[in-house]
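Student: I have the model open and want to go through it region by region. Can we start with a single side chain and work outwards?

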Amino acid sequence: MLHTTHEKSVIAIGIDISKKTLAVASLQENRETVNISIGNDAQSIESFMNSIAVSMRNPDIPIVLESTGDFHLLPALLLHERGFAVKCINPLISKQLEKRSVRGQKTDKIDAQRLAKLGADEPALAAFTASRQQILARKQVGTLAKLKTVIQELTGHITRSEETAKTLGISMDLTHAKQAIAELKEQIHVIEAALAEVMQPVCKTIAQETKGVSEKQMAILSAFLSGKTFTDRDQLVAFAGLDVRVRESGMWSGRARLSKRGNSFLRRTLFHIGWGLAVHHPEYRAYFLQKKAKGAHHYTAILACARKFLRGTVHTRLYGIHRGQC
């Protein structure tokens, strides 16, 4: 049945993602759409791919879907591995498209149609290029961030509880909670070792050659940057959320702040990298002290070191673009 819904005149396909189903809209040259619904499972997606492989003239026809939690990963990965031109966009873009519509309608079918039209009208959409190994590394980093947060919260809770118990003269057994923390720390070691095994070689070299930067930190950074492309240093800094947001209007000038876009665990890792550089690396130590002498807050100066590291060492070594070329 699927082969009847995709004619040779198809110019773009949009897929609205949910946990169990995929709403698919095929946009034709006459700007009309044909809609179907399939399951979000490997077998259904395989049948769908077989259908469009037969009916589409051009394998470069864009297939646009949203980055929706983890639900988009299976269709995006299978379509990409099959050789289709998968475009994975931020859901904020879809939200903007919805606001631009006259009636503001929102259904799975309509959302898929909007994505298909976006694919036809915007040829420069970023391609989905992630591999299974890259996806695994990013999931490991996400787990690592959660485990560290849980350990921090649980450790603080245990400390406060024991202090209260001591003050009140009561007994409180938290043996198993402390054992749980030890188990979580062991899991962290396992994940860090796995990330180190798949770390990009250049990231390992950077850690070995740069005082104040550890291989564990570069393994995390490698997982975040693997498969990413940045045409200039500013894009990389913005991806990490370390770009400075300036607010000005007329004669008024607001306080500059970090955008803090992107992943908070990545920023935390870069903060620790900046701290290590400010303490152990002569060049960055001098830069840190220079910032402090100009009145920068201690943490601001540390983040400045992290930003300098991203713009200089990381961008140059990973993407082969030197300062003068940006």
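**Surface and interior**

Student: Is Trp 275 buried, partly exposed or exposed?

Tutor: Trp 275 is partly exposed, at a relative accessible area of 38%. Buried means under 20%, exposed means over 50%, and partly exposed is in between, with a 1.4 Å probe and protein chains only.

Student: What should I know about the numbers?

Tutor: This is a predicted model, so local features need pLDDT of at least 70 and side-chain atom pairs count only at pLDDT 80 or more, while totals for chains, interfaces and linings use all residues. Residues are numbered from 1 along each chain as its sequence is written, and side-chain values use heavy atoms, with hydrogens and water left out.

Student: Where does Trp 275 sit, then?

Tutor: Trp 275 belongs to helix α10, residues 264-280. Helices here are DSSP runs of H or I with at least four residues, and strands are E runs of at least two, numbered from the N terminus.

Student: Which residues form a nonpolar patch with Trp 275?

Tutor: Val 279 and Tyr 299 do, and the three together have about 300 Å² of accessible area on the surface. Patch members have over 30% relative accessible area and no salt bridge; like charges are joined within 9 Å, and nonpolar side chains (Val, Leu, Ile, Met, Phe, Trp, Tyr) within 5 Å. Areas come from the Shrake-Rupley method with a 1.4 Å probe, and for residues only the protein chains shown count as cover.

Student: And the totals for the chain?

Tutor: The accessible surface comes to about 18,600 Å², and 52% of that belongs to carbon and sulfur atoms. Of the 326 residues, 41% count as buried. The chain has 12 helices and nine strands.

Student: Is Thr 210 buried or exposed?

Tutor: Thr 210 is buried, at 10% relative accessible area. Thr 210 is in the loop between α7 (201-209) and α8 (215-225).

Student: What does Thr 210 touch?

Tutor: Setting aside neighbours within four places in sequence, Thr 210 is in contact (heavy atoms within 4.5 Å) with Leu 277, His 281 and Phe 309. A polar atom of the Thr 210 side chain also lies 2.7 Å from the backbone oxygen of Ile 206. A polar contact is a pair of N or O atoms within 3.5 Å; within protein, one must be able to donate a hydrogen and the other to accept it, and residues adjacent in sequence count only if both atoms are side-chain atoms.

Student: Switching to strands. How do β2 and β3 pair?

Tutor: β2 (21-28) and β3 (33-39) are antiparallel, with seven bridges; pairing needs at least two DSSP bridges. Ser 26 stands opposite Val 34 in β3.

Student: What about the turn?

Tutor: Four residues separate β2 and β3 in this hairpin, and Arg 31 in the turn has a positive phi of about 70°.

Student: Which residue forms a salt bridge with Arg 31?

Tutor: Asp 121 does, with the closest N and O atoms 3.3 Å apart. Arg 31 is in the loop between β2 and β3 and Asp 121 in helix α4 (108-121), so the pair ties together parts 90 residues apart in sequence. A salt bridge is a side-chain nitrogen of Lys or Arg within 4 Å of a carboxyl oxygen of Asp or Glu.

Student: How many salt bridges does the structure hold?

Tutor: It holds 11. Another of these joins Glu 81 and Arg 132, with the closest N and O atoms 2.7 Å apart. Glu 81 lies in helix α2 and Arg 132 in helix α5 (132-168), so this pair ties together parts 51 residues apart in sequence.

Student: What partner does Lys 216 have?

Tutor: Glu 192, at 3.4 Å between the closest N and O atoms. Salt bridges that share partners join Lys 148, Glu 192 and Lys 216 into one network. Glu 192 counts as buried, at 14% relative accessibility.

Student: Last one: where is His 72?

Tutor: His 72 lies in the loop between β4 (62-66) and α2 (73-82), and is buried at 5% relative accessibility. The side chain of His 72 reaches the backbone oxygen of Gly 69 at 3.2 Å. Beyond four places in sequence, the residues His 72 touches include Leu 65 and Cys 88.

Student: How are β4 and β5 arranged?

Tutor: They run parallel, joined by five bridges, and Leu 65 stands opposite Cys 88 in β5. Four of the five residues of β5 (85-89) are buried, so that strand is largely enclosed by the rest of the structure.
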